Amino acid sequence: MDTMSGGTWRPAERVRGMGTSIFTEMTELARETGAVNLGQGVPELASPPQLLRDVADAVLGGHNQYPPAIGLPALREAVAAHQLRRYGLGLDPACEVLVTTGATEALAACVLALCDPGDEIIAFDPCYDAYAADARLAGARLVGVPLAADGDGFALDAGALRAAVTPRTRVLILNTPHNPTGKVFTPAELEAVAAVCREHDLTAVTDEVYEHLVYGDVPHRPIAALPGMRERTLSVSSAGKTFNTTGWKVGWVTGPAPLVAAVNAAKQFLTYASGTPYQGALARALDSVEEWAAGLRSQLRGHRDLLTTGLEAAGLRPFRSDAGYFVQADVRPAGYEDGVAFCRDLPGRVGVVAIPTSAFQVAEGPRWLVRFSFCKREATLDEAVTRLKRLAA
């Protein structure tokens, strides 16, 4: 037990063990060794110039106080128009769109709003590490359904999904496009997930922050657009990945009014509201996102190909990445069975930092996968690829 002046204290059970993560460890290794950091998904790419000017004008124009708790009307209307334009999903911006402090808060608020202690949440493994933390804060349990390595990609195991459902299951978190694998769920996979949700009366919470960053032949399709799913789905997205503005932390939740109201009941006591100058500027940017996103996709596709080729030249086995910021690689050809050991050795051996995929796993899974980020400047990737080639020497 920790001691403090005047008494003793201990952290609450819900946060015990949430200490220094592998992400912090790898970032510190990058700093200490001068390694190229391909661990974190922090983009080094430019944002739309007009968006930046609009934010500066809003700040200088005095738009710096609290926005409405549910978000500026202009941004809620832009999100609703975006969902209708891209996916055919009609939303009432007055009650079916909620602006949040990034997708991270949106996901936490969804879990807190929907789950009681003892409930279970299904997610596809490996998964974004916030899902397990959100479940723990709500007193719920996260159940991982592994995505199986399939050729040069990853595939849903529908049988494992069905087997994971119990009477305690309340929520299914679906992340597509998927972090950390770069997978885009196929229409058949989405239907299999939707069938489980309908059959067992589950609420789907979707994490769609990479919706504009899809590079392969399978387009992103939100599960809310499938029959019987709109009324049971909360869709989460954000501006950070689309506009290279991860530090602004502006996200949103969309869905049926009763579900959105429940999320807002939790969200209002987390941040209440934030980001006034960003919200108005992002509303205008979202109205014309398609042209910007097409250029960003082209740039990131080239960076993905550069990194993938470099990983192959280093003697590793990269998997196909159809979306997002990351490439998975099998490190066994480099003589490692454990991705953690590989990542701890890599900065000293060649001067590159990556993240072991086991950091994203809820259940036991392959230990030999490692995640590399390509949302960096081309010069950064060129240097990383040059350094990685030393693995094959």
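Which element gives the most to the lining of the largest pocket? In this predicted model, local features were considered at a pLDDT of at least 70 and side-chain atom pairs at pLDDT 80 or more, whereas totals for chains, interfaces and linings use all residues. Residues are numbered from 1 along each chain as its sequence is written, and side-chain values rest on heavy atoms, with hydrogens and water left out.

The element in question is α4, which contributes four residues to the lining of the largest pocket. Helices (H or I, at least four residues) and strands (E, at least two) are DSSP runs numbered from the N terminus. A pocket is here an open set of points on a 1 Å grid over the protein atoms alone, with protein on both sides within 12 Å along at least five of seven lines, while a cavity is a set of points where a 1.4 Å probe fits but cannot get out; lining residues have an atom within 4 Å of a point. The largest pocket has a volume of about 610 Å³, a volume being the space filled by probe spheres set on the points, which are joined across faces, edges and corners. Its lining comprises 26 residues, of which G41, T104, Y128, K241 and K249 lie nearest the centre, and the elements that give two or more residues to this lining are α4 (102–114) and α8 (240–243). By class, the lining of the largest pocket divides into eleven nonpolar, ten polar and five charged residues, where Ala, Val, Leu, Ile, Met, Phe, Trp, Tyr, Cys and Pro count as nonpolar, Asp, Glu, Lys and Arg as charged, and the others, Gly among them, as polar. K249 lies in the loop between α8 and β12 and has a positive phi of about 55° although it is not a glycine. With a relative accessibility of 32%, K249 counts as partly exposed, a class that falls between buried (under 20% relative accessible area) and exposed (over 50%), as computed with a 1.4 Å probe on protein chains only.

Three cavities of 30 Å³ or more are also present in the structure. The largest cavity holds about 60 Å³ of space and is lined by Q83, L89, L91, A224, R230, T233, S235, T254 and G255. The second largest cavity, with a volume of about 50 Å³, has a lining made up of Q83, E208, E211, S235, V236, S237, W252 and T254. To this second lining β11 (233–238) and β12 (251–254) each supply at least two residues, and β11 gives the most, with three.

D201 itself, placed in the loop between α7 and β10, counts as exposed at 57% relative accessibility and has a positive phi of about 55° although it is not a glycine.

Aromatic pairs number nine, rings of Phe, Tyr and Trp (its six-membered ring) being paired if their centres lie within 6.5 Å, with planes under 30 degrees apart counted as stacked, over 60 as edge-to-face and the rest as tilted. The rings of Y210 and Y325 have centres 5.3 Å apart and planes at 75°, so this pair is edge-to-face. It links distant parts of the chain, 115 residues apart, with Y210 in the loop between β10 (203–207) and β11 and Y325 in the loop between β13 (317–318) and β14 (326–330). Y210 and Y325 are both buried, and together with F326 they form one aromatic cluster.

Two cis peptide bonds complete the description: the bond from D125 to P126 has omega near 5°, and that from T176 to P177 has omega near -5°.
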